[in-house]
Amino acid sequence: MTTLNNKVAVVTGASKGIGAGIARVFARQGASVVLAARGADVLDLAAELRAEGCEATGVQCDVTDPRDCKRLARTAVESYGRIDILDCNAGICRLGNFLDENDSWRDAHVNVNINGVWNACKSVIPEIVRAGGGAVVITSSVTGDLVADPGEAAYAMTKAALVGLTKALAREFADRNVRVNCICPGYIRTPLVEGMAEQSDPDNPERAIDEIARAVPLGRLGTPEECGQLCAFLASDDASYITGAQVVIDGGSTLPETTSMGQ
Ligand SMILES: NC(=O)c1ccc[n+]([C@@H]2O[C@H](COP(=O)([O-])OP(=O)(O)OC[C@H]3O[C@@H](n4cnc5c(N)ncnc54)[C@H](O)[C@@H]3O)[C@@H](O)[C@H]2O)c1
């Protein structure tokens, strides 16, 4: 059982979906958590965690704005004295046709998915170094290394970039005792995936979700809390010799040579 007792963690994209799952698990494992997202709903989740007896503070923050990320780091240090863990999870995914979309489609993905992680790392890693070391966990995706369907050019490009950033930062900060790893989720049931299901089958989005589940060897989508458990392990002292790793959490959906034969 991993534990984050006495750790201070910053989680971006924490208002819903995977980020909310990560924040819940971190807080329930004893961390003081600073939850960041653009909308005011992040304040509600922080209040919900406080009502459970956890330490949690919500900050409205757009990770594409470096000043917002600096304010986020400042708030965490003012609230809890230091930062041990940064979980860069905020991200967007909009499918589109490569030849039809204009460059703002590409730029939106680059701004949130790459620059947002960059900005959060620039602002928070110095605080982790000041605290004597700690851990960064970045949410990449199985998409990037692999792709499922047409339409993923902008998203896949940015998620693949995060694997490179993870490894480069792991190398650069190893001597300051900062471990950097990324998680690569497959299909996790979140508002993002529910939105995609609605797009693909507006009459019956549950049918689209069931179809995804059938293609996953474990027979279901993952939960945000399952991602939270993995992030908590990577962020904890139990993972003290793991850095620069890319950990897949996908119920087996990217296993090569998976077929439906024999079922
Ligand atoms: N759901 C999946 O199946 C899946 C699979 C692989 C990777 N991912 C990745 O996991 C992460 C979370 O995905 P999700 O499915 O929970 O998405 P979601 O849309 O349900 O939640 C996204 C979160 O990011 C926040 N966010 C978006 N842009 C932001 C910005 N500019 N500044 C601050 N916060 C911002 C939103 O407020 C929200 O809290 C993303 O990076 C996504 O690419 C998701």
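Trainee: Is D84 buried or exposed?
Mentor: D84 is buried, at 8% relative accessible area. Buried means under 20%, exposed over 50%, and partly exposed in between, with a 1.4 Å probe and protein chains only. Keep in mind that this is a predicted model: local features need pLDDT of at least 70, side-chain atom pairs count only at pLDDT 80 or more, and totals for chains, interfaces and linings use all residues. Residues are numbered from 1 along each chain as its sequence is written, and side-chain values use heavy atoms, with hydrogens and water left out.

Trainee: Which residue does D84 meet in a salt bridge?
Mentor: R82, with N to O at 3.0 Å. A salt bridge here is a side-chain nitrogen of Lys or Arg within 4 Å of a carboxyl oxygen of Asp or Glu. R82 is partly exposed, at 31%.

Trainee: How many salt bridges does the structure hold?
Mentor: 15. One of them joins R220 and E226, at 2.7 Å from N to O. R220 is partly exposed at 39%, and E226 is partly exposed at 30%. Another pairs D65 with R67, with the closest N and O atoms 3.1 Å apart. R67 counts as exposed, at 64% relative accessibility.

Trainee: Which residues are linked in a network?
Mentor: R24, E48 and E225 are linked by salt bridges.

Trainee: Switching to the ligand. How many residues surround it?
Mentor: 29, and the closest are S15, I18, Y155, K159 and T190. The cut-off for being near is a heavy atom within 4 Å.

Trainee: How does that shell divide by residue type?
Mentor: 14 nonpolar, eleven polar and four charged. Ala, Val, Leu, Ile, Met, Phe, Trp, Tyr, Cys and Pro count as nonpolar, Asp, Glu, Lys and Arg as charged, and the others, Gly among them, as polar.

Trainee: Which helix gives the most to the shell?
Mentor: α6, with three residues. Helices are DSSP runs (H or I, at least four residues), numbered from the N terminus. α1 (17-28), α5 (153-173) and α6 (191-200) each supply at least two.

Trainee: Why does the ligand lie between the two domains?
Mentor: Because domain 1 (8-186 + 224-249) and domain 2 (189-221) both give residues to its shell. Those bounds come from an automatic or database domain assignment.

Trainee: What is 2.9 Å from a nitrogen atom of the ligand?
Mentor: An N or O atom in the side chain of D62. An oxygen atom of the ligand is 3.1 Å from a polar backbone atom of G186.

Technical notes:
A polar contact is a pair of N or O atoms within 3.5 Å; within protein, one must be able to donate a hydrogen and the other to accept it, and residues adjacent in sequence count only if both atoms are side-chain atoms.
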